[in-house]
Amino acid sequence: MHQEINLQRMRSMSHMLLEMAGGNFTNRIQRTGEDDELEALVMLMNMVAEEMKESVFHSGFINPHHSYRNLVQCTFILDEQFVIKSYNTEASVLLHLTPDFLTDKLFENLLSEESLCLWDCLAQEILLDPNYNCMVQLIFVSQNKLLVPVYCSISRLTNCAMILISCVTTVVEQTISKSVMITPESNTLRFVLSRPSDILMIQNVYDYILNHLERPLPSVKELSCTFGTNENKLKYGFKQLFRTSIYQFYTTERLKKAHLLIEQTLIPLKSIASMTGFKTYPNFSKGFKKYFGYKPMDIKRRL
């Protein structure tokens, strides 16, 4: 039995190394509490992954072809027994599970031992409060037994007994292009972004837009003042790194968020349009159809 546990620990470390080699530094290995060399290696690998994550995402390394899908939204919908009734495709990607594996499974089965005690407390609060809403960090266990710590928004849905759990994390994908990641030393950045701090500034603008999709987009001039740069560097630097303009990125992300809300909730379409920053429903519907090829009302709502 002890030998089997050790084999599983080594398999987890092997999976972790493969994930890190592919550029994914968001996973962690479950601690066992053993006092041996394997446990020391587990601690060391978790520490290295944390340090690498901070270095890659905050020191100016960006893949312009979107290998790193930052702020991917994963959503679960539970019934009052906390059984998973629906989820979006990103949830199965996050946990490396087949699309049909999650349906009708208890949500707690996805959590690490560390998060189970917290979840037991949260579950009692959720059932007692019909307007429950909170933000908390939960640790998921992927199919290959790696830990995936993410911050989750947990809330009760209006006019029904369902529970919405939504989390935002980073997913690493293969890209069509095999281009090397852009770094502060890349020649292609020489004319617009000359310093590592310039790239970090562009990343901060990117994060700011994603975190304020429900608000009107500030002008390039306003954004440049907020982030301490000039308009040309912000406008052309953003397009150089992310292969899209600031306004197009803002619009696209709002529409993607709206699509998810329509598909996963019963919130009225006009309310979703307002929640995603559109002033009028006709403008929202027109932009939605132009981007997706069909109208918001054409989506079959899962609930």
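Is Arg-254 buried or exposed? In this predicted model, Arg-254 counts as buried, because its relative accessibility is 6% and the limit for that class is under 20%. The residue belongs to helix α8, which covers residues 246–264. Once its neighbours within four places in sequence are set aside, Arg-254 touches Leu-213, Thr-276, Gly-277 and Phe-278.

The protein chain has 303 residues, 45% of which count as buried, and it contains 10 helices and 6 strands. Among contacts with a separation of 6 or more, 58% are between residues 24 or more positions apart.

Together with Tyr-281, Phe-284, Phe-288, Tyr-291, Phe-292 and Tyr-294, Phe-278 belongs to a cluster linked by ring pairs. A pair of aromatic rings is described by two things, the distance of the centres and the angle of the planes. In total, 17 aromatic pairs are counted. One of them joins Phe-76 and Phe-140, with 5.9 Å from centre to centre and 25° between the planes, and this pair is stacked. Phe-76 lies in strand β2 (residues 68–78) and Phe-140 in strand β4 (residues 133–141), so the pair connects distant parts of the chain, 64 residues apart. What is the relative accessible area of Phe-76? The value is 0%, so Phe-76 is buried. Phe-140 likewise has a relative accessible area of 0% and is buried.

A second pair, Tyr-291 with Phe-292, has another geometry. Here the ring centres are 4.8 Å apart and the planes stand at 90°. The pair is therefore edge-to-face, because that class takes planes over 60 degrees apart. Tyr-291 counts as partly exposed, at 38% relative accessibility. Phe-292 is partly exposed as well, with a relative accessible area of 24%. Both values fall in the partly exposed class because that class lies between the buried limit, under 20%, and the exposed limit, over 50%.

What does Leu-223 contact, leaving aside its neighbours within four places in sequence? The partners are Tyr-208, Leu-217, Pro-218, Leu-234 and Ile-246. Val-205 is 18 residues from Leu-223 along the chain, and the C-alpha atoms of the two are separated by 7.7 Å. Lys-221 lies in helix α6 too, but Lys-221 counts as exposed, at 54% relative accessibility. From Lys-221 to Lys-235 there are 14 residues in sequence and 9.5 Å in space, C-alpha to C-alpha.

Most residues other than glycine have a negative phi. Asp-104, however, has a positive phi near 65°, and this residue is found in the loop between α3 (89–94) and α4 (113–128). Asn-159 is not a glycine either, yet its phi is positive at about 65°. Where is Asn-159 found? Its place is the loop between β5 (146–156) and β6 (163–172). Asn-159 counts as exposed, because its relative accessibility is 79% and the exposed class begins over 50%.

Finally, attention turns to a pocket. The second largest pocket has a volume of about 590 Å³. Its lining is made up of 21 residues, and those nearest the centre are Gln-8, Gln-30, Glu-113, Val-141 and Lys-145. Which helix gives the largest share of this lining? Helix α1 (residues 2–21) does, with 5 residues. Sorted by class, the lining of the second largest pocket holds 7 nonpolar, 8 polar and 6 charged residues.

Methods
Residues numbered from 1 in each chain as written. Predicted model: local features only at pLDDT ≥ 70, side-chain atom pairs only at ≥ 80, totals over all residues. Heavy atoms only, no water. 1 Å grid on protein atoms, 1.4 Å probe; cavity = no way out; pocket = protein on both sides within 12 Å on 5 of 7 lines; lining within 4 Å. Points joined across faces, edges and corners; volume = space filled by probe spheres on them. Helix = DSSP H or I, 4+ residues; strand = E, 2+ residues; numbered from the N terminus. Nonpolar A, V, L, I, M, F, W, Y, C, P; charged D, E, K, R; others polar. Phe/Tyr/Trp six-rings, centres within 6.5 Å; stacked < 30°, edge-to-face > 60°. Buried < 20%, exposed > 50% of the residue type's maximum accessible area, 1.4 Å probe, protein only. Contact = heavy atoms within 4.5 Å.
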